[in-house]
Every structure is written in C-alpha cells, then in structure tokens.
Amino acid sequence: MRLGTLLATAVVATVTLATPSYAAPAPAPVERPAVIERAVIGHSVQGRPITAWHLGRPGKRRVLLISTMHGDEGKPRQILGALRDGRRIRGIDLWVVPVYNPDGLARGTRKNAHGVDLNRNFPYRWADLDGDYESGPRAGSEPETRAMMGFLRELKPSRIISFHQPLYGVDTDTKNRAFSRRVARALHLPSKSFTCGGVCHGTMTGWFNSRFPGAAVTVEYGDRPSSRHLSRTAPEQVLRVFGARR
Ligand SMILES: [Zn+2]
C-alpha cells in the first residue's frame, strides 16, 4: 500500500546513488532488501522526523510494530531495526516505527520534549494527569500523538504490537486476548495485566482498540534484555506470531 499525500513518502527502490565520476568510488549503498518504502509520518516537538518503514508484501495482513514511545525504553527497537535491515519478509504486510519518540530517545527521557507522556495523551479516556504520567494540556496536544493518529487512520492495521520496557510481560487485559496470548507464547514472555494502577487513560492501544476493528497489544521487555536476543531471536519470534517468514 502506498500512503497518500498526507505523508511524505520516499520509494526506497528508486533511490539509486550513482557514483559521480569526479569522486573516489563510494562505499556501496546500504542494502535493505526488506524495505519497500519509508514514510515520514510527522515530526517531534523539536522537529525530528518520525519515520515508518514499509516491509513485507502489500495485500497481505497488515501489521504495525511500534517501539521507543517512551524515550528511555529504547532497547526493543533493535527488533524492528533487525527486521528492517534483514532479508525480505514474506507472508505479511509489515510496517515498523522504531523510534516513535525521537526527542525522548535523544534526551533519555520517558516523555517528549514538552514533558508529556505520549501514552497518556491520546483521546481515549483522557484525564488530566501530572507527574510521571503527565498527560499534556489536552488530549492530542502533542505533535507525536497527532502524527500517529493520522498514520493509524490511514494505515488501519489489523494488528499492532507496541514495545516497551521494563515490566516484562504481554498485556492480557486488552481487546483481543487470544492475540495477546499468542504473542506471549511466541515471544516467551509471561502474560500479565498492566492496569496502569487503575484505568489506563489516554493510551495509544486503548484509543486504537476502541476506534478500529484491529487489535493492539502492549509488550514489555525487562530492564536489560540482551542485544543478541533482541536482534537475532526476537525478530523471528515476532514473525512467527503472524505466520510470516524471511
Ligand atoms: Zn513504556
């Protein structure tokens, strides 16, 4: 699927860098055979692009993986990076957003550059929260939130996995529990209920699950998952959830 005019889209296959005759031979361009296109879905508070990568095969079941929504939970993006930079993916129409909160990643903070927890800023049961879960001045106040809302409205994935740290488990208190259990089994993580200490206000998965027919689930790795596991084992486990391969 090609995203519409809403998104600044670059078809990666057309980007061929000819070596200019006046220069020494340049290193070969990085090969990313899994990538069909990349799209900038919006920009952060500080103007950093939020990039989505289109992998897999259009026409198949559409799946979206998101990581680094909290800037200090950056390890699981290695899974998405490994899928993007690896071999061609078959059997699934896959999009990945490895760094949803680029300002938070750059600053090493959970929140965005406005000090807002993006996972409390969505217009689903939004509440005025302060402190660790600062929810912003109003629902959808943050450019990162609006970027993801626009992207999800256009993409309409059938499944979303949102990767976090460090609670170590897969949320079973969600819309599609069979999907949640399948993810937990495939990723060898325990099933857990992440109740946000009560009701989850303004979460991305809550908003998506309430507005769209698809199902989104939260996956939490531990505090320090090994890079070897995240870059080698976990990508294959994720593909297995959806019957995909490469
Ligand atoms: Zn998180």
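What follows is a run of questions and answers.

Biologist: What is the mean pLDDT of the protein chain?
Modeller: This is a predicted model, in which local features need pLDDT of at least 70, side-chain atom pairs count only at pLDDT 80 or more, and totals for chains, interfaces and linings use all residues. Residues are numbered from 1 along each chain as its sequence is written, and side-chain values use heavy atoms, with hydrogens and water left out. As for pLDDT (the predictor's confidence in each residue, from 0 to 100), 87% of the residues reach 70 or more. The mean for the protein chain is 89.

Biologist: How many helices and strands does the protein chain have?
Modeller: Both are DSSP runs numbered from the N terminus: helices are H or I with at least four residues, strands are E with at least two. Counted that way, the protein chain comes to six helices and nine strands.

Biologist: What percentage of the residues of the protein chain count as buried?
Modeller: Buried means under 20% relative accessible area, exposed means over 50%, and partly exposed lies in between (1.4 Å probe, protein chains only). Of the 246 residues, the buried share is 50%.

Biologist: Which atoms coordinate the zinc ion?
Modeller: Donors are N, O and S atoms within 2.8 Å of the metal (3.2 Å for Na, K and Ca), and with water not among the atoms, sites may look incomplete. In sequence, the donor residues here are spaced H-x2-E-x90-H. At 2.0 to 2.7 Å, the zinc ion is coordinated by H70 (ND1), E73 (OE), E73 (OE) and H164 (ND1).

Biologist: What arrangement do the four donor atoms around the zinc ion make?
Modeller: Four donors count as tetrahedral if all angles lie between 85 and 135 degrees; four count as square planar and six as octahedral if opposite donors are over 155 degrees apart and all others between 65 and 115; anything else is irregular. The angles here run from 53 to 149°, so the arrangement is irregular.

Biologist: How many residues apart in sequence are the parts that E73 and H164 tie together?
Modeller: E73 and H164 are both buried. E73 lies in the loop between β4 and α1, while H164 is in strand β6 (residues 159-164), so the pair joins parts whose separation in sequence is 91 residues.

Biologist: Which residue meets E73 in a salt bridge?
Modeller: A salt bridge is a side-chain nitrogen of Lys or Arg within 4 Å of a carboxyl oxygen of Asp or Glu. E73 is buried at 6% relative accessibility, and its partner sits 3.5 Å away, N to O. That partner is R110.

Biologist: Which residue does R32 meet in a salt bridge?
Modeller: The two side chains are 2.8 Å apart, N to O. R32 is in the loop between β1 (8-10) and β2 (35-43) and its partner is in helix α1 (residues 77-85), so the pair ties together parts 53 residues apart in sequence. R32 is partly exposed at 28%, and the partner is D85.

Biologist: Which residues of α5 are buried?
Modeller: Helix α5 (residues 204-211) is mostly covered, with six of its eight residues buried. What covers them includes β4, α3, β6 and β9 (215-220). The buried residues are M204, T205, G206, W207, F208 and N209.

Biologist: Which residues does L152 touch, not counting those up to four places away in sequence?
Modeller: L152 is in helix α3 and is buried, at 0% relative accessible area. L152 and L64 are 88 residues apart in sequence, yet 9.1 Å apart from C-alpha to C-alpha. With that neighbour cutoff, L152 touches L64, P157, I160, M204, W207, F208 and F212.

Technical notes
Contact means heavy atoms within 4.5 Å.
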